[in-house]
Amino acid sequence: MIETNLIAKLTSLPKIQQFLLGFGFYLVIYIFWYDVLLNPITANKDIGSLIFLPHGARFLVIAIFGWIGFWAIFFGALLGPLINEEIVKLNSLPWENYLNIWHNLESLSGALCVLLVLRFLHWAKIIDRWRGDLFIHEPSKLILIIFSSACINGLLTNFITSQSSLGVETSPIRVIRYVAGDIVGATYLLIFCYVGYKLWLRFIR
């Protein structure tokens, strides 16, 4: 979805810059999704999760930067709620709200699902490389990666949530809602990035 020469420039950056870029990109997408799309109405019964844009950020960052992207996404998901509440919204909440093992596991699972799918498809020789190339000429592989990682993450996240101290009940409908939200969110974000990049090339560069 994004031009190969841009990907080459991104992957040639120093590792610390790759990490900060991936971390910052995920954080911006998460805050936008949480503060704009996830309002009291859509938050009811997880309706807001039907367009989960951060899954697209997971895919883009990990597919471009590999292991560095994985850690950028993990720490972005881990610190995103804290930064959004304490810095963006200026809400002073108890730190216990953020220091939760179940939240840490969910942050890990979201990034891990994308990484495992990419590595498995590379091991199975379905994709030539697992990082640095977004398969812009093979959209079927993009769809396969997004769909597979969304399915695994939907199952794993709901399992973690059901086992947490929050006592949130899970169900097949909730799993399907999470899977669909990851797929729709990732698709929307990829389209947005592609259109935005094309407009930047035409009118700004």
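Colleague: Is Asp35 buried, partly exposed or exposed?

Modeller: Buried means under 20% relative accessible area, exposed means over 50%, and partly exposed is what lies in between, with a 1.4 Å probe and protein chains only. Asp35 has a relative accessible area of 32%, so Asp35 is partly exposed. Before we go on, keep in mind that this is a predicted model: local features need pLDDT of at least 70, side-chain atom pairs count only at pLDDT 80 or more, and totals for chains, interfaces and linings use all residues. Residues are numbered from 1 along each chain as its sequence is written, and side-chain values use heavy atoms, with hydrogens and water left out.

Colleague: Okay, and which residue forms a salt bridge with Asp35?

Modeller: The general idea first: a salt bridge is a side-chain nitrogen of Lys or Arg within 4 Å of a carboxyl oxygen of Asp or Glu. Here the partner of Asp35 is Lys89, with the closest N and O atoms 3.4 Å apart. That pair links distant parts of the chain, 54 residues apart: Asp35 sits in helix H2 (residues 15-37), and Lys89 in the loop between helix H5 (67-88) and helix H6 (101-123). Lys89 counts as partly exposed, at 34% relative accessibility.

Colleague: How many salt bridges does the structure hold?

Modeller: There are 2. In the other case, Lys89 meets the side chain of Glu85, at 3.8 Å from N to O. Glu85 is buried, its relative accessible area being 13%. Shared partners join Asp35, Glu85 and Lys89 into one network.

Colleague: Say I click on Ser107 in helix H6. What is Ser107 in contact with, leaving aside its neighbours within four places in sequence?

Modeller: Contact means heavy atoms within 4.5 Å. On that basis Ser107 touches Phe74, Ala77 and Leu78.

Terms used: Helices (H or I, at least four residues) and strands (E, at least two) are DSSP runs, numbered from the N terminus.
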